[in-house]
Amino acid sequence: MSETPLLEAVEVSKRFTVGSRFSVRGRHIVHAVDAVSLAVRPGEPVGLVGEAGCGTSTLGRCMVRLYDITSGTLRFNGVDISGKSMREMRPLRKEVQMVFQDPYASLNPRRRVRDIIAEPLRVHSKLPGEAIKTRVAELLDLVGLHRDHAMRFPHEFSGGQRQRIGIARAIALAPKLIVLDEPVSALDVSVQAQIVNLLADLQERLKLTYVFIAHDLSVVRQVSTRIAVMYLGSIVELGRAEDIFARPAHPYTQALISAVPVPDITKSGSRSRIVLSGDVPTPVNPPSGCRFHPRCPMAQDRCRTERPVLSPPDGGRRVACHFPL
Amino acid sequence: MLLAVLRRFGQMLFVMFGISVLVFLIFFATPGADPAARIAGRNASPEVLAAVRKSFGLDEPFYVQYLSMMKKLFVTGDLTSFVNRGWKVVPAVLDTVPVTLSLVIGAAVLWVVFGLIIGLAAAATRGSWLDKLLMILGLIGISMPVYWLGEVMNLITQSRYHDSWLFSWVPPLGYKNLTDDPKGWFLTLVIPWITLAILYIGLYGRVLRASLIEAMQEDYIRTARAKGLSESRILLRHALRMSLISFVTLFGLDFGALVGGSALLTEVVFGLQGVGKLTYDALQNLDLPVIMTTVVYASFFVVTTNALVDVVYILLDPRVRTA
Amino acid sequence: MLEVRDLRVSFHTEQGLMQAVDGVSFDVKEGEILGVVGESGSGKTVSLLAVMGLISDPNAVITGSIRYRGRELVGLPPRDMRKLRGREIAMIFQDPMTALTPVYTIGWQIAEQIMAHEKIGKAAARTRAIDLLAEVNMSDPAEAVDRYPHQLSGGMRQRAVIAMALSCNPALLVADEPTTALDVTVQAQILDLMRKLQRNHKSAVVFITHDMGVIAEIADRVMVMYAGRIVESGSKRDLFLDPRHPYTRALLDSIPPLAGKRPRRLRSIPGSPPSLLDRPAGCSFGPRCPKRFDRCAAQPALTGASHAAACFLVAPP
C-alpha cells in the first residue's frame with residue numbers, strides 16, 4: 001500500500017468558461033471536475049461511474065493531459081505532470097494512453113488500420129519500418145484480429161472490431177496506464193462481453209492498469225477492483241467494487257444501483273427501487289451545499305447548506321455524505 | 001439585450017470607419033496616385049496643379065483631408081465631386097437609391113417565390129425527371145453571367161424581336177420614376193427583374209432543395225410521420241420551416257449586398273441609374289468623393305442587413321435565443 | 001389485435017438483396033406488453049417500422065400479412081395508413097434529443113397530432129396537451145407546454161414524446177429503445193411511467209430493446225430476434241427461467257452480473273452476426289452456436305405453443 005501510485009490526482013479541478021461577458025447569457029463557469037482526489041495503483045483497475053454531466057469523461061481526459069487542469073496536482077509515478085507543456089508531456093505519452101467511446105468516430109476514416117496502429121510507433125519509437133510492420137501484426141493478433149486486416153479501412157469493420165483496433169493502437173507502445181472512456185457503451189451486449197474479456201486478458205498479459213469510465217454499472221463491476229462514483233464533478237463514494245455494490249454508503253450510489261434493470265425476474269419484483277425525482281442537473285449552476293440534496297430522499301437541513309467532503313479512508317472506503325447509509 | 005444592440009451598433013461604426021479609411025488610403029496614399037493630376041488633367045502645368053491642390057484642399061495632411069471629407073459627407077452634406085465641379089454628391093447618391101431598390105426588391109420577390117417553388121417541387125419529387133430538370137435549369141441559371149444574359153435579353157427584346165407582339169411592350173432602356181409613371185416604371189423593370197432573378201432562382205432553388213432533403217432525413221420528420229401527418233404538411237410545416245432558417249439568412253446577405261451596389265452589372269446593361277451604375281461611372285473617372293460616398297453607403301447597407309439577418313435568425317430559430 | 005404472419009422485409013442494395021426481416025410471425029394481444037429483444041441487425045426495428053408503414057425506402061420490398069384488428073395493413077393505401085398512424089397505432093423512438101421539431105413548442109406539436117386526427121379546436125387541443133403533460137409527470141405542465149424542445153432535458157423530452165404518442169389514445173404503442181439514450185436514473189423513471197400509463201390507458205405496448213434487464217422489468221411476453229428471424233418467444237417467466245434457444249441463453253450469460261460472484265471471464269458469443277446479404281441456408285445462429293449439430297444445416301421452424309424456440313434441440317410438443 002505504500003508503493004507510489006501510478007497516477008495520482010490531488011484536488012484536481014477543471015473549469016470551462018462558456019460564453020463571454022457580451023453574449024446574451026453572459027459568462028458561465030462549468031465546474032466539470034471539482035476538487036477530485038484519486039489514486040490509481042499499479043495493477044488495480046479503477047472504475048469511474050456516473051451519469052451525464054458528472055465529470056467522468058472530463059476527469060479521464062485530464063488524467064491523460066488531453067485537457068489542462070485548472071487547479072490541483074496530477075502526478076504520474078510520483079512526477080508532477082500538472083503544469084507540463086505539451087512538449088514535455090510527449091515522452092510520457094508512451095506510458096499513458098486512452099481508448100475512446102465511439103468506435104465509429106475515433107478512427108481516422110482515411111487511414112488504413114496498419115497506419116492507425118503504427119502511428120504511435122512511428123512517432124515515439126525509433127524502430128525501422130520492418131520492425132514496425134511486425135509489431136503491428138503482433139498487435140493485431142493480440143487483440144483478436146486477422147493480420148490481413150491491416151490493409152483495410154475502418155469503415156470495413158464492425159463496431160466491436162473497430163474498438164479492437166483502437167485498443168491495439170493504445171497498447172502499441174506498451175503503456176503502463178490506459179484510460180478507457182466508455183469503450184463498450186456503443187456496442188451490442190454480446191460484443192461487449194468479447195471486448196471486456198479481451199481487456200481482462202490484455203491486462204494480465206501486458207501488466208496494464210486501467211481507469212475504466214462507464215455509466216453501465218454491471219460492466220464497471222466486472223472490470224474494476226476499485227470504484228469511484230461521481231456526481232456533478234465530485235467523487236461521492238470511493239471504495240472496493242464488491243463493498244460498494246454489496247453495501248452502498250451514499251444515497252446516490254444506492255439509487256444508481258437500484259435503478260439498473262437486472263435481467264433476473266426472481267429479483268426484480270422484490271428489489272426496493274429508489275426512483276429519484278428530477279433530472280440530472282447541469283454542472284453550470286450546481287446546487288448549494290451537497291450537490292445531490294435536491295434529489296436525495298434523505299436530505300436534511302445540513303445538506304442544503306454544508307457541502308460534505310470525502311470521509312477519511314475506512315477500510316479503503318470513503319463517502320462524501322453527512323448521513324451515510 | 002441593450003448591450004447586444006449597442007455592441008452591434010459599435011461594430012457597424014467600426015466597420016464603416018475601417019472601410020472609409022481603406023478607400024481613402026487607396027486613392028490618396030498609394031504611391032503614384034495623385035488626385036490633383038487626375039483632376040487637372042494631363043499636361044497640366046505645375047502652377048495649375050498647385051492651384052488645383054489648393055482649391056481641393058489636397059495639400060493638407062492626410063488626416064485633415066480625411067476628416068474634412070467625412071465632415072462634408074456626414075455633417076454638412078455638401079461634399080462635391082472632383083470631376084463635375086459643384087455637383088453635390090450626397091444628394092446624387094440618394095437619388096439613385098430608389099432605382100437600385102426598385103430593381104433589387106422586384107428581383108428579390110421573383111427569386112424568393114420561384115426559388116421556393118423550385119426547391120419544394122424538386123425536393124418533393126426527389127429523383128424524378130422533374131427534379132432533375134429543375135436542377136439542370138437551376139444550374140444553367142447560375143452559370144449564365146448576368147451581364148451576358150442582360151445583353152442577350154436586350155438583343156432579343158430591344159432589337160431582334162422588338163416588333164413582335166411578344167416584346168413590343170418593352171420600352172427603351174432607362175428608368176421611369178414610380179411616382180411619375182407607374183406603368184412605365186413597371187415595364188422598364190420587368191426584363192431587368194427577370195435577368196437579375198434568374199441567377200438567384202437557380203441558386204436558391206438548388207440550395208433549398210438540398211436543405212429540404214437533408215431536413216427530411218432528420219429524426220423529427222420520422223416522428224411527424226409516426227404522428228400520421230400528411231406528407232405535404234410534413235414538407236411545408238416541418239422541413240421547410242427548418243430550412244427557412246438558412247434560406248432567410250442567405251437571402252438577407254445577398255439582398256444587402258445587392259442594394260449596396262452589387263447589382264451594378266445589371267444596372268449598366270439596362271441603363272438604370274442606380275447606385276451600382278453611379279459607382280461604376282465614378283470608378284471610371286476616379287471621382288473620389290463619389291466613390292467614397294457610394295462605398296460608405298454600401299458598407300452601411302451591408303452591415304445593417306447583416307444585423308437585421310441576425311435578428312431574423314433569432315426570431316426563426318428559438319434555439320439561439322437562450323444560447 | 002395485431003397479427004403478423006410471415007413478414008419479410010428486404011432492401012435492394014448495390015451489393016444485392018438484403019433480407020432484414022425473414023419470415024417473422026407474432027401476435028400482440030390487447031393490453032399486453034410485448035418485449036422484442038435483439039442486437040443490431042436483428043430486424044427488430046425494421047419489423048415494427050413495417051407494421052407502422054414507416055418504411056419509405058423505395059428499394060424496400062415488404063411481403064406477408066399484418067392484420068390490425070382484422071384489417072390488412074400490407075398494401076394499404078398511404079392515406080388510410082396515415083389515419084391509423086398516430087391514432088390507433090403510435091410509435092416513439094430512441095433519441096429524445098432529436099425527436100421533436102426544434103422550432104415549435106411541445107404544446108404545438110402535441111396539439112398538431114390531436115388536430116390531425118380529431119375535429120377539435122386549437123384551444124381545446126392545447127388544454128388536452130396540458131393534461132397529457134401532467135399525466136406524464138412533467139413538472140409545471142401549464143408552463144412546459146409553451147417550451148421549446150431544446151429547453152428541456154432528455155428525460156423531459158422523452159416524456160413529452162410519450163405524451164404526444166398517447167394523445168389520441170392509441171390501442172397499440174410501439175416503443176423503439178425509448179430509454180437507451182437516457183441516464184439510468186432517468187430510465188428508471190420513464191419505465192415506471194410507461195408501466196403506469198399502460199395500466200391507465202389499457203394500450204398494448206411493443207417494447208423494443210437490446211437490454212434484457214429492461215425486458216425483465218417491463219415485459220409480459222418476450223420475443224427474441226436474431227438476424228431477421230424470431231428465435232424464441234414466450235412469457236417472461238418462460239424466457240428467463242427456462243431459456244430454450246442457445247442464443248437466448250448465451251445472451252443472458254454474457255451480461256455481467258450486478259450482484260453475486262463476479263465471473264473471471266464473461267461467457268461471450270464468438271464471432272459476429274451474419275451478413276444479411278446472401279444468407280446461407282440453415283439456422284442463422286448456427287455458425288456461432290456451441291450446440292450446433294448436423295441438422296442445423298436446415299432452417300429450424302419455431303416449435304412450441306406458448307413458449308416456442310427455433311431450434312432443432314427443442315423437442316416438438
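**Contacts and local features of a predicted model**

Colleague: How many residue pairs does the rule find in polar contact across the interface of chain C and chain A, both residues being at pLDDT 80 or more?
Modeller: The model is a predicted one, and side-chain atom pairs count only at pLDDT 80 or more. With both residues at that level, the number of residue pairs in polar contact across the interface of chain C and chain A is 17.

Colleague: Which helix supplies the largest share of the side of chain C that touches chain A?
Modeller: Several helices of chain C each supply at least two residues of that side, namely α6 (154-165), α7 (184-201), α8 (212-218), α9 (236-241) and α10 (246-253). The largest share is 8 residues, and the helix that supplies them is α7(C).

Colleague: How do the residues of the side of chain C that touches chain A divide by type?
Modeller: That side comprises 44 residues of chain C, which are in contact with 41 residues of chain A. Sorted by type, the residues on the side of chain C are 20 nonpolar, 12 polar and 12 charged.

Colleague: Which residues of chain C lose the most area to chain A?
Modeller: Between them, chain C and chain A bury about 3,600 Å², with 54% of that area on carbon and sulfur atoms. On the side of chain C, 21% of what is buried comes from the three residues that lose the most, which are C:T185, C:L258 and C:R262.

Colleague: How far apart are the closest N and O atoms in the salt bridge of C:R265 with A:D201?
Modeller: The rule finds 2 salt bridges across the interface of chain C and chain A, and it asks for a side-chain nitrogen of Lys or Arg within 4 Å of a carboxyl oxygen of Asp or Glu. For C:R265 and A:D201, the closest N and O atoms lie at a separation of 2.7 Å.

Colleague: Is C:K202 buried or exposed?
Modeller: C:K202 is found in the loop between α7 and β8 (204-209) of chain C, and it has a positive phi of about 55 degrees although it is not a glycine. Most residues other than glycine have a negative phi. Because its relative accessibility is 63%, and the cut-off is over 50%, C:K202 counts as exposed.

Colleague: What relative accessible area does C:D6 have?
Modeller: The place of C:D6 is in strand β1 (residues 2-13) of chain C, and this residue, though not a glycine, has a positive phi of about 50 degrees. C:D6 is partly exposed, its relative accessible area being 37%.

Colleague: Which strands are at the edges of the open sheet of 4 strands in chain C?
Modeller: The order of this sheet is β2-β1-β4-β5 (chain C), with antiparallel pairing. An edge strand pairs on one side only, and the strands of which this holds are β2 (16-28) and β5 (71-72) of chain C.

Colleague: Which residue of β5(C) is the bridge partner of C:R67?
Modeller: Strand β4 (residues 60-68) of chain C is joined to β5(C) by 2 bridges, and the two strands run antiparallel. In β5(C), the bridge partner of C:R67 is C:E72.

Colleague: Why is helix α1 of chain C largely enclosed by the rest of the structure, and how many of its residues are buried?
Modeller: The buried residues of α1(C) include C:L48, C:L49 and C:V51, and C:K44 is also one of them. Helix α1 (residues 44-52) of chain C is largely enclosed by the rest of the structure because the buried residues number 7 of the 9.

Key. Residues numbered from 1 in each chain as written. Chains lettered and ligands numbered in written order. Predicted model: local features only at pLDDT ≥ 70, side-chain atom pairs only at ≥ 80, totals over all residues. Heavy atoms only, no water. Contact = heavy atoms within 4.5 Å. Buried area = accessible area lost by both parts, 1.4 Å probe. Polar contact = N/O pair within 3.5 Å; in protein donor to acceptor, adjacent residues only side chain to side chain. Nonpolar A, V, L, I, M, F, W, Y, C, P; charged D, E, K, R; others polar. Buried < 20%, exposed > 50% of the residue type's maximum accessible area, 1.4 Å probe, protein only. Pairing = 2+ DSSP bridges.
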